Amino acid sequence: MFISISLFIVTIIIGFLFHFSAVREKCNQSRYASISQLRTLIFSVREHRGLTHSHLTETPYTPSALKEVNAKILDIFNQLKAQSGPETKQEIRILQEKVENLLYQWTTFSVAKNQLQHGRVIRQILFLIDELLISWLVDSHHDDIAADYHHCWQKVLDTLEVLTMLRISIQEVDTDLGKKRFRHHASILSRKMNQLSLICPLTTADSDQSGVIHTLKQWQDNDTIELSKLELYQLSLDASLIIFNIYDQVLSDICESIYLPLVPQNR
């Protein structure tokens with residue numbers, strides 16, 4: 001009788017453990033999938049910003065590429081809504097509304113407003129990733145990693161804010177005041193990117209083979225801006241790539257430490 005009761009209790013405990021493990025695995029899959037999709041969304045919104053900027057500045061681009069990016073972004077939201085948990089559905093719905101407004105209204109924007117609006121959307125995506133990842137780390141008892149990650153995330157956010165201001169100032173480099181603003185933002189951006197490089201030095205070195213950080217730093221003391229607006233904007237794209245490569249590496253390392261590494265993006 002005692003053996004039967006013991007076996008029954010053990011069976012219940014094992015069943016509970018299997019159930020708990022299945023629930024945890026489902027939760028891990030949902031969070032991993034959502035973070036992966038949001039990461040892809042950032043890449044697509046950045047691509048959309050580049051194409052629309054080309055249109056607004058009358059720079060040659062491929063209109064069919066813009067249509068493909070639009071379709072890709074809408075498809076990402078369909079996947080996000082299908083796989084997201086109840087705790088993020090509201091945030092994803094709000095984010096979708098803002099992104100769709102961007103997709104359908106950008107033709108009415110000035111060059112500066114286009115940069116600002118895309119920057120705001122990207123920051124909102126970063127906030128949502130941060131919320132998901134911090135919650136995941138805390139639930140999995142990785143509070144120390146959560147603190148380190150949030151510190152890095154804040155640095156990325158601050159650097160992107162300066163990058164947006166740099167891009168806006170590019171349109172005014174024809175004036176003395178515009179040159180002064182550009183040099184000011186370039187100087188700040190070089191310092192912030194140097195700070196970011198300490199987080200992932202190998203990723204930074206691999207991404208900055210053209211010497212973007214050094215180029216930005218030279219305007220601390222140099223009053224002359226010899227590059228064209230198109231070349232300056234390309235410089236800002238290179239800086240953006242470095243920043244997001246660093247963030248992406250941090251994100252992938254953390255996901256690997258608690259579940260699985262993220263699939264590399266085709267940049």
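Colleague: Where does the largest pocket lie?
Modeller: This is a predicted model, in which local features need pLDDT of at least 70 and side-chain atom pairs count only at pLDDT 80 or more, while totals for chains, interfaces and linings use all residues. Residues are numbered from 1 along each chain as its sequence is written, and side-chain values use heavy atoms, with hydrogens and water left out. On a 1 Å grid over the protein atoms alone, a pocket is an open set of points with protein on both sides within 12 Å along at least five of seven lines, and lining residues have an atom within 4 Å of a point. Both domains (bounds from an automatic or database assignment) give residues to the lining, so the largest pocket lies between domain 1 (33–109) and domain 2 (142–259).

Colleague: What volume does the largest pocket have?
Modeller: Grid points are joined across faces, edges and corners, and a volume is the space filled by probe spheres set on them. For the largest pocket that gives about 480 Å³.

Colleague: Which lining residues are closest to its centre?
Modeller: The lining of the largest pocket has 21 residues. Closest to the centre are R46, G50, Y233, Q234 and L237.

Colleague: Which element supplies the largest share of that lining?
Modeller: Elements are DSSP runs numbered from the N terminus: helices (H or I, at least four residues) and strands (E, at least two). Three helices each supply at least two residues to the largest pocket: α1 (2–56), α5 (143–170) and α9 (229–258). The largest share, 8 residues, is from α1.

Colleague: How many cavities of 30 Å³ or more are there?
Modeller: Rolling a probe the size of a water molecule over the atoms shows where empty space is left. A cavity is a set of points where a 1.4 Å probe fits but cannot get out. The count of cavities of 30 Å³ or more is 2.

Colleague: Which element gives the largest share of the lining of the second largest cavity?
Modeller: The second largest cavity holds about 50 Å³. Its lining is R49, G119, I122, R123, L160, L163, T164, R167 and F244. Two elements give two or more of these residues, α4 (111–139) and α5. The largest share, 4 residues, is from α5.

Colleague: Is T88 buried or exposed?
Modeller: T88 is in the loop between α2 and α3 (89–105). Its C-alpha is 10.0 Å from that of R31, 57 residues away in sequence. With a relative accessible area of 2%, T88 is buried.

Colleague: What is the phi of H141?
Modeller: Most residues other than glycine have a negative phi. H141 lies in the loop between α4 and α5 and is exposed, with a relative accessible area of 69%. H141 is not a glycine, yet its phi is positive, about 65 degrees.

Conventions. Buried < 20%, exposed > 50% of the residue type's maximum accessible area, 1.4 Å probe, protein only.
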